[in-house]
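Colleague: I have the file open and a few questions about it. Can you take me through the main points?
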Amino acid sequence: MMPGATATLDSVCAQKDAVPPAVLGRSNVALGLILFGLIALYVPVLIEYGALLLWSEDDNHSGLLLALVLFGYWRDRRAFTWSSTQREQIAGAVAIFAALILYFVGRVTDSVQLQGVSLPIVMTSLALATGGTALARRWLLLAVLLIFIVPWFGPIADALLVPLRLALTHSAARLAAVLGFPVTTSGVFIYVGFVQLNVAGACVGLRAMVSMTAIGFLFLHFFPARSLGAGLLFVVLMPVIALAANFFRVFALILTAALFGVSGEAIVHDVAAYVEVGVVLTAFMVLGRALGPVEAQA
């Protein structure tokens with residue numbers, strides 16, 4: 001190790017050792033109180049709405065997104081510091097107060113959207129009030145992704161996706177017909193012989209597309225691209241990967257219904273949903289590695 005690097009490391013260690021135990025203890029108590037407050041505020045929301053919004057087929061990737069975002073915070077926990085200025089502390093406190101008002105109004109009006117949007121504001125404000133602008137900027141993407149764990153896209157937005165659902169349904173059915181299977185379509189309904197399949201919004205819906213794309217942004221956070229162009233390519237390919245996975249899921253359901261009937265399709269339906277998530281996550285990981293920084297040659 002170079003002498004300059006050794007001196008720098010020694011100075012950093014000396015600064016950490018110079019922190020009085022009493023100050024360190026108060027910092028740990030303050031951090032514990034912050035975590036307790038977050039748990040007290042948002043665990044009831046997860047319990048109340050979790051079965052409906054996070055883990056159900058209607059919004060089948062939000063729970064996974066929440067788990068990955070929390071892992072992102074834990075993975076980058078060493079970046080947390082108590083280094084904010086007085087101005088940053090005041091700005092953070094004001095923003096936290098505003099977020100708590102949103103949370104209160106959401107609880108009173110039973111609006112999961114307001115409660116959900118208060119969480120990223122709280123997380124960003126806490127980062128600003130404790131670690132300053134640098135920490136708030138570093139964790140901004142993680143906070144923004146928390147927005148997508150709640151159903152912002154209701155029936156009106158889902159209706160805008162009908163042409164996409166129709167195109168994907170007809171394409172999958174057309175491919176099966178080319179392969180010799182007796183498949184016809186009518187709207188979002190697929191007829192495989194005497195079996196009728198309904199391609200619901202959960203299969204190729206906007207919520208699944210948005211949550212999987214948000215997970216893709218999280219992978220971009222874990223595996224930063226080597227350049228701006230590589231990052232833009234990753235962003236462009238994310239919805240393409242999610243759509244392709246949905247297409248093959250629908251196609252697999254058609255083939256299963258044709259070969260094994262309704263009972264076989266019912267069994268494969270849930271399995272295909274988990275396989276789809278695994279395929280998309282694997283594709284994101286491979287793409288993130290491919291577009292990531294090139295390792296220095298020895």
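Modeller: This is a predicted model. Take strand 2, residues 189-192, where the side chains alternate.

Colleague: Which strand does strand 2 pair with, and in what sense?

Modeller: Strand 2 pairs with strand 1, residues 183-186, in the antiparallel sense, over four bridges. Within strand 2, Phe189 stands opposite Ser186.

Colleague: Changing topic. How many salt bridges are there?

Modeller: The count comes to two. One of them joins the side chains of Asp76 and Arg138, at 2.5 Å from N to O. That pair links distant parts of the chain, 62 residues apart: Asp76 is in the loop between helix 3 and helix 4, and Arg138 is in helix 5.

Colleague: Is Asp76 buried or exposed? And what about Arg138?

Modeller: Asp76 counts as buried because its relative accessibility is 14%, and the cut-off for buried is under 20%. Arg138 has 46%, so Arg138 counts as partly exposed.

Colleague: Which residues make the other bridge?

Modeller: Arg249 and Glu276, with the closest N and O atoms 3.2 Å apart. Both Arg249 and Glu276 are buried.

Colleague: On to the packing. How many residues are in the largest nonpolar core?

Modeller: The largest nonpolar core has 45 residues, and Val69, Tyr73, Ile215 and Phe284 have the most contacts inside it. The elements that give two or more residues to this core are helix 2, helix 3, helix 4, helix 5, helix 6, helix 10 and helix 11.

Colleague: Which helix gives the most?

Modeller: Helix 11 gives the most to this core, with 11 residues. Another core lies apart from it, with 14 residues, including Ala176, Leu197, Phe247 and Val250.

Colleague: Back to Val69. What is Val69 in contact with, sequence neighbours aside?

Modeller: Leaving aside neighbours within four places in sequence, Val69 is in contact with Leu142, Leu145, Leu146 and Leu218.

Colleague: And Phe234, where is that?

Modeller: Phe234 is in helix 11, residues 228-290. At 1% relative accessibility, Phe234 counts as buried. Beyond the neighbours within four places in sequence, Phe234 is in contact with Gly216, Phe219, Leu220, Phe284, Leu287, Gly288 and Leu291.

Colleague: What separates the C-alpha atoms of Phe234 and Phe219?

Modeller: The C-alpha atoms are separated by 9.8 Å, and Phe234 and Phe219 are 15 residues apart along the chain.

Colleague: What about Ser118, buried or exposed?

Modeller: Ser118 counts as buried because its relative accessibility is 0%. Ser118 is found in helix 5. With neighbours within four places in sequence left aside, Ser118 is in contact with Tyr42, Ala99, Leu102 and Tyr103.

Colleague: Last one, the surface. Which residues make the nonpolar surface patch?

Modeller: Phe97, Ile101, Phe104, Val105 and Val108 make a nonpolar surface patch of about 520 Å². Ile101 lies in helix 4. Ile101 has a relative accessible area of 42%, so Ile101 is partly exposed.

Colleague: What do nonpolar side chains tend to do in soluble globular proteins?

Modeller: In soluble globular proteins, nonpolar side chains tend to be buried together. In this model, Ile101 is one of the residues making the nonpolar surface patch.

Definitions and conventions:
Residues are numbered from 1 along each chain as its sequence is written. This is a predicted model: local features need pLDDT of at least 70, side-chain atom pairs count only at pLDDT 80 or more; totals for chains, interfaces and linings use all residues. Side-chain values use heavy atoms; hydrogens and water are left out. Buried means under 20% relative accessible area, exposed over 50%, partly exposed in between (1.4 Å probe, protein chains only). Contact means heavy atoms within 4.5 Å. Two strands pair if DSSP finds at least two bridges between them. A salt bridge is a side-chain nitrogen of Lys or Arg within 4 Å of a carboxyl oxygen of Asp or Glu. A nonpolar core is a set of buried Ala, Val, Leu, Ile, Met, Phe, Trp, Tyr and Cys residues joined through side-chain atoms within 4.5 Å. Patches are made of residues with over 30% relative accessible area and no salt bridge: like charges are joined within 9 Å, nonpolar side chains (Val, Leu, Ile, Met, Phe, Trp, Tyr) within 5 Å. Accessible areas come from the Shrake-Rupley method with a 1.4 Å probe; for residues, only the protein chains shown count as cover.
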